[in-house]
Structure formats: structure tokens, C-alpha cells
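My notes follow in the order I took them.

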Amino acid sequence: MPHNPSKHVPSVQVAGRSGELSGLRRAQRTGPQLGSYLDRLPLAAERRRDIEARAASSPPHEAMANLHHALAGRHADRSNPAFGSIAARLQLAYDRRTPAEQPAGNVRQLDFERRKHVRMQFTPPVNRAPMAPHPWGELNPILRWSESRMRRRADWQQRQGEGEHRRPWPADMPLPAGRDDRENAPDLHVHWRIRGNIRRVILLVLMLAQTVLATWYMAKVLPYQGTAKLEMMLLALFAILFCWVSAGFWTGMAGFLVLIRGRDRFAVARQVDESSPIPEEARTAIVMPICNEDVARVMAGLRAIYESVARSGELEHFDFFVLSDSSDSDVRSAELAAWAELCRVVGGFGRIFYRHRKRRVKRKSGNIDDFCRRWGKNYRYMIVLDADSVMSGGCITKLVRLMEANPGAGIIQTAPIAAGRETLYARIQQFATRVYGPLFTAGLHYWQLGESHYWGHNAIIRVAPFMRHCALAPLPGRGSLAGEILSHDFVEASLMRRAGWAVWIAYDLEGSYEEMPPNLLDELKRDRRWCHGNLMNFRLLTARGMHPVHRAVFITGVMAYLSAPLWCLFLALSTGMLAQHALTEPAYFTQPRQLFPIWPQWHPDKAIALFSATATLLFMPKLLSVLLVWVRGAQAFGGWLRVLSGMLLEVLFSMLLAPVRMLFHTWFVSAAFLGWAIHWKSPPRTDSETGWREALAKHGSHMLLGVAWAAGVYLLNPSFLPWLLPIAGGLALAGPVSVLSSRVSLGKWFRKAKLFAIPEELSPPPELQATEQYHRATTRTATFSDAAADPVLNALACAAGRPRPSADVGIVITPALIRGGPDQLGNAQKNALLDDPHSLSQLHLHLWSSPLAPGHWESGD
């Protein structure tokens, strides 16, 4: 498209005003076009007849312009008729009450550089407050120690009068707490810290003792009892991996003890009276950052949340914010239409707000920071949601009461329940998280107490300390692990705790839900982003002022992915050691100056015993989780036999996928260190299935590796093949398992058999039922074509934009453009039009002035 270089000309040019386009206008039949336009506006019969008569009496080329003049009345704009009628179109669609009944500021006229512009109340008035990140400073502890020595020497010289030196405040330390965000005593119970320290020492002793014992036993299994170099490397890897498994085992055991007892003096969710009133000053913002999401699903969930809060009777304490970073013009148009429809249906104008951020800085964390800077001063708390989050009104109001009852709490994280998916893969994951999740979450709470996790969504945050302490500075240095922080949640929790505020997990609070990825490949796409983010966060392990528990959180976060290449290396060394013993003569002297030979010995009995012990650590928490379900009532899961069967099938499924995840995670870790770019896209919010071609492209090499690996071990020593079969078999079957597990039909078949059933599926809570109902009721979402052609959505899009007289989107409206439809425009041009109400309203007028439009545009042809 030709581009107009001038910055002071209309942003949309109309080609051939006296030529071809004018000829098209003169040739149009205005009657059907006017009637079709007016049919889309909720006009009273008398006013419609008046407008139609006025427009029809005009010359053909002025009919649509006069229609907009008639709609606009005294606000008519002769230079841009469709721009002048924006307010009238919006008021017809969304303000059908008398002016006295209308909420203040719903549709209002603003003046922009002496040109009237209509703005709806998409957002409340801006009330700015600072939120600046504090630089991390030197992350290398050795260099930081050296710098501190130099500072102390400079201070000593200053005291001795040998030089002038002003000691700066350390850049990587939190600001001192002031009265603005620490009005009350920060801790209700100081003794939980002492108890937490004791528990963590016990956990560390248990892990290390178990690891030392298992490593010693592993050395006895090896042919040379761990004295050969290859065996030493193998033992080192085994110790690291076993310690990681041991941490999970003791977390599960602690969770089982907490849940089987049924009481926990430190359970934060039980420290509040649910009948206590919420103070008027405890204003809470419910914020949902989104970016190119399934708009129908997002708004369905938000409507279910809004209505649930309304049923709780506490709606006056809450405002809702949809914070969009979407860059797709069709998605932006759909968001506007869906937001306005939601507000209209539930009466949410002035309480449900929508903001589209044009500059996507720092992704989700930047979106939250932008909200805090603009409106954070208006609220004491904010509840952060994901696009797939659903929360009940009872859960939301209880979170606010919990924060009021715990003035030292900075973040309270709920334990979301995964529900709402239909594919077999998602249903297996939902079953696993629902059955095993409570055990591990309670265990995390047992060891961490008020130094716990924040998972970035379905949590309540105290806004003032968050703004003061939790803005994220980029990581210093160069390379792929420097710059903008990707996984913000763990870091924000650590900064909140570094500032003296507690972070709790309300592991037993009900009414918090989320959705799982529908298939393996979509989960792995998400894992790649998380892998890169956790590797970056690991650099903060030595940052000054971090609490030891959150340093451990950084370690566990990186080990969730680094364990994969370590396991892969362990298996490779084991195979190499097998090949060495099968293809070469045994070495009897492995050390310098060795006097007596060492005879290689194989101990299959000890190997089986060690394997059994390791399997016990891995699967005992799952068995205990099933036992808990039986004790509490298995009917909600389809009965005790179905719970047990589901657990056994899930274990088999996990064993098949474990080696596949191992190779993918190894690749992700390597890609992060090598600096390969990743694409940060929103996960799918629908039950998408994996095709055979995609599966072969992603898993083909893994399948070949599994077959070749098994064949090689069989040729070396057939007796070792059963040990490798779970690994090689999982790789060989990766493609079929990935495809079949993504099938919705198989998921529904298992659901009919009540396998992998969860309570939220057999007896869905009202919020999930409403979300599904509203989502299914949405048969079509709006697109950019609708924003250009539909009278109401065009007015809404124009009201959302900001007119800039110097703007130039570089688009020429020609008959070819109108004839070719919206596909003639690129996404950047469409976004530019959405940002410029003058240009968008001109396009709208010319579409309706052409006999080829708007139906041609609306159909997307």
C-alpha cells in the first residue's frame, strides 16, 4: 500500500473522489443500504422513520452522510459524519435509560485538541503512583564481598579525614519499610518463623541422610563399587537426582500427615471468621491480564466470577479489570465487543473495566505494573487471574477477609483445581492434580509456612508493598539469561518476603479453578517458557537479602528442568558403562600403585532392591493420596475402585511420558544456554488435538532413538533390556501416545466410564457450569471486519481509540480495497486503524457508501 509521508494530512486518504469511487456512489441504491444500516441500531420506530426519510431525500452520494448527521444531531461533524455519530450510536446500544438513570461517565463527550471525541468509561480516572524497580546490584557474592571490603575501607578513610566519600544505599537491598505500607505490626505470629526453621532443618537432615544411604548402596551395586572414574561420575549424578526425589517424597509425607490429622494450627485459611464484614476501605481489584486469548472463554469465565461475587452480596468492594496486551487486530475487536456485551448483560459499566496496552513491556508482569501505576492507589488488594482462571465469590471474599485478619501477609496464594478439559491427556492431568495435588500443596505449606510460593494467578496481593518492593528490574549482564525476567511470580514472592511480608499458601481454600493444556505438545510449549524463566531466576540465588527458603525455591525451580539433562546424562553413562564392560576386557587395577586387583561384580539382587526403594519414594505419595481420597469419600471421584484404577493408569501413562519429557526438557535447557529464541504465545484455551503429521515431526527422532537404544542394549547384553524397556519403550511409543491422548473422543469415553473422574466434573460447581454455559452460547466472536462495518462495534472501537491529528496510518481507501475486503490490509495496518478513530470512522462511512459493502467485509470474504 502506498504511504503518505506527510504528518499533517488526514490519516486515511480517499482515492478518486471525482473518479471511480464517486461513480460507485452515484450508482448505489440507497434504500436497501439505509434500511440494513438502521436495522442494526435499536431505534424507536418514529425516530427511525424520521432519520430514514431525511437520508433518503438526499442525493445518493450524500445519503449515508446525512444519516450520520441525523443520528448525531447537534454533535454532527460535517468533515467526518461517521465520527460525529459515535456518541449517538453508543447511547442507542448501551444507554437506553434516561440521563438521570445513567451511571456517571458511561458515555461522555471529550474535547481533543478542539475536536470533539467520544469516550466510554473503559477505565476509571487515572490516579498515578510510582512503581520503580530497584537494580539487583552485583549478583556474584565474591565480587560483592570485595566491593563491601572496599566500601568499609573508604568509610574508614572518611572517618580518618583522608578523603570524601558518601556511602550509597545498596542498590540490591529493599527500601526501609515506612508507615505507608507497614501501618500495623507485620506478623500476627512470630513463632511460625521459629517453627518453620526447625522443620526445614529436619527436612534437610532427612534428605541428606536418605541420599547418603542410597548413594552408598548404589556404589555396592556397581561392578567396581564406585572406584572407577566412570562410576564416580555416575554416583555423583545419582546422588543429585536421588536427593531431588527425596525432597518430593518428604514433601508428600508431610502433606499426608497434615491432611490425615485434619488440623493445622498454621493453616491460614482457618484464621478468619467468614461472617465478619469487609471494611469499606478494603477495596479490591480483580485483574485479568490477557494477550491474544480465546475471547469467548475469557469473558465467559469473567462473567461467572462477576455473578458469583454479586451473589455473595459483597460486590461493592470489588472492581474488575481486563488488561489486554493483544496484538492481533481480530482479537482486539473481539475483546471490545465482548467487554461491552458483558457490561450490558450484567450491568457492569463503571465496575468492569477494559484497557488495551499498546506497548507490551515485560509481558504479564509489565501489564500488572502498568495497572498498579495507574490505579494501584485506589485499592488495598488485588486478585490476579489468568485468562483461564475461575474463582467463586466465596473464595474471593474470603481471601479479602484473610488479608484483613493477617496484616503481615503480602501474598496469599490459593491452590487452583484443574478442571474443564475434555481431551484424554487433560483429564488424566486433572485427575492427577486433583488426587495428588492436595498432598503436595499441604506439604509445601508445612515446610515453607509464611515463606511460600506465588504462582502468578488465583492469588491476592497487598498492593502498597507490592508497588514499593516488587517491580522487576532486568537481570544484569548479556546473553540469553540476562535482561527482562520471564517467570515473574517466584521473584515477586521473594521480593515481598525480602521486604518483610509473609507469603502464604491457602492450600485448603475451595473455589479456585484453572485449566490444563489439552495435549502433551501444548504442555511442552509452556514448559519451554517456564524452563527459560526458571534458569534466569536461578541467577538470583545469590542476590542480597533473599530469604533462604526462596533461595531454595529458585533451586527447586531450576531443578524441575535441569534434572532432565542430568537424568539423560545418567542413562547415557549407564549405557556407556554397559558397552565398556561388554566390548572390552575387565580392568582389575583401576588406581595408581594398586597392590591387589579389584574383581568386577554384578549384584542384580541389590540393584532390584535399590530400584524398589527408589520406586517407593516416587509412588508412595500417590498411594497415600489415594488412601486420603478413600478416607474422605471416594464417591466424589466415581468410587474407590475407579480411584485406584485411575491411579494405576496414570502411573503407567506417566512412565510412558517421562522419557519424552526428559528429552524435550534437555533440549529446552540447552536452547536456553545457547540463546535460541523462544516464541512467547498464550496457551490454547480449547480442547485442541494433535495430528499425526505434527506428532511425527515432533516425536519422530525420539521414536527412532528409542528403537535404536533398545536394539543396541539387546545386542550388548539382553539381560539389561528389561531395565531399559520403560525408557526405550516410552520413546518408541511417543508419537502414538501423544496423538491418542489428545483425542476428545477418548476423553469422553473414559468420562462415560467414570475413569479419571474428579468432583468438579461429576458435580460441577456453579461457577464452572456458568463458564461452560456462557462459552458454548457464544457462537461467533467479532473480528476487525466487524469493527469496520458494524455500526455499534465501529462506534465502540472509535471510542476506545485516541484521535491523533498527526497520525498517518498510510492507508488509501480505494474501490479495490473495498472490493477486496479486509484481507487487503495487514495486521499492523488494522491495528493502526483501531488506534485512530478518525480513520476508522471514515472507513466505516465509505464501506456503507459502497454497494459492495459492508456484507462483503463482515463475511470475511
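**Leu610**

I started with Leu610, which sits in helix 19, residues 604-632. This is a predicted model, so I keep that in mind for everything below. Is Leu610 buried or exposed? I get 8% relative accessibility, and since the cut-off for buried is under 20%, Leu610 counts as buried.

Next I looked up what Leu610 touches, not counting residues up to four places away in sequence. The list reads Ala214, Tyr217, Met218, Val221 and Phe238. I also checked Leu610 against Thr215: they are 395 residues apart in sequence, yet their C-alpha atoms are 9.7 Å apart in space.

**Ser324**

I moved on to Ser324, in strand 5, which covers residues 318-324. Its relative accessibility comes out at 0%, so I put Ser324 down as buried.

Which side chain does the side chain of Ser324 make a polar contact with? I found Glu335, at 2.7 Å.

**Helix 16 against helix 18**

For a helix pair, I want the angle between the axes and the distance between them. I took helix 16, residues 488-498, and helix 18, residues 548-583. Their axes come within 10 Å and cross at roughly 170 degrees. Anything over 145 counts as roughly antiparallel, so that is how I describe helix 16 and helix 18 relative to each other.

Then I went through the residues that meet. From helix 16 I have Phe490, Val491, Ala493, Ser494 and Arg497. On the helix 18 side I have His550, Val553, Phe554 and Gly557. Sorted by class, this contact of helix 16 with helix 18 has five nonpolar, three polar and one charged residues.

**Whole protein**

I count 32 helices and 14 strands in the secondary structure. The protein has 861 residues, and 54% of them are buried; Leu610 and Ser324 both count as buried. How much of the accessible surface belongs to carbon and sulfur atoms? I have 59% of about 38500 Å².

I also looked at contacts with a separation of 6 or more: 81% of them are between residues 24 or more positions apart.

Technical notes
Residues numbered from 1 in each chain as written. Predicted model: local features only at pLDDT ≥ 70, side-chain atom pairs only at ≥ 80, totals over all residues. Heavy atoms only, no water. Helix = DSSP H or I, 4+ residues; strand = E, 2+ residues; numbered from the N terminus. Buried < 20%, exposed > 50% of the residue type's maximum accessible area, 1.4 Å probe, protein only. Polar contact = N/O pair within 3.5 Å; in protein donor to acceptor, adjacent residues only side chain to side chain. Axes fitted to C-alpha atoms, helices over the stretch in contact; angles between N-to-C directions. Parallel < 35°, antiparallel > 145°, perpendicular 65-115°, else oblique. Contact = heavy atoms within 4.5 Å. Nonpolar A, V, L, I, M, F, W, Y, C, P; charged D, E, K, R; others polar. Areas by Shrake-Rupley, 256 points an atom, 1.4 Å probe, with all protein chains shown as cover.
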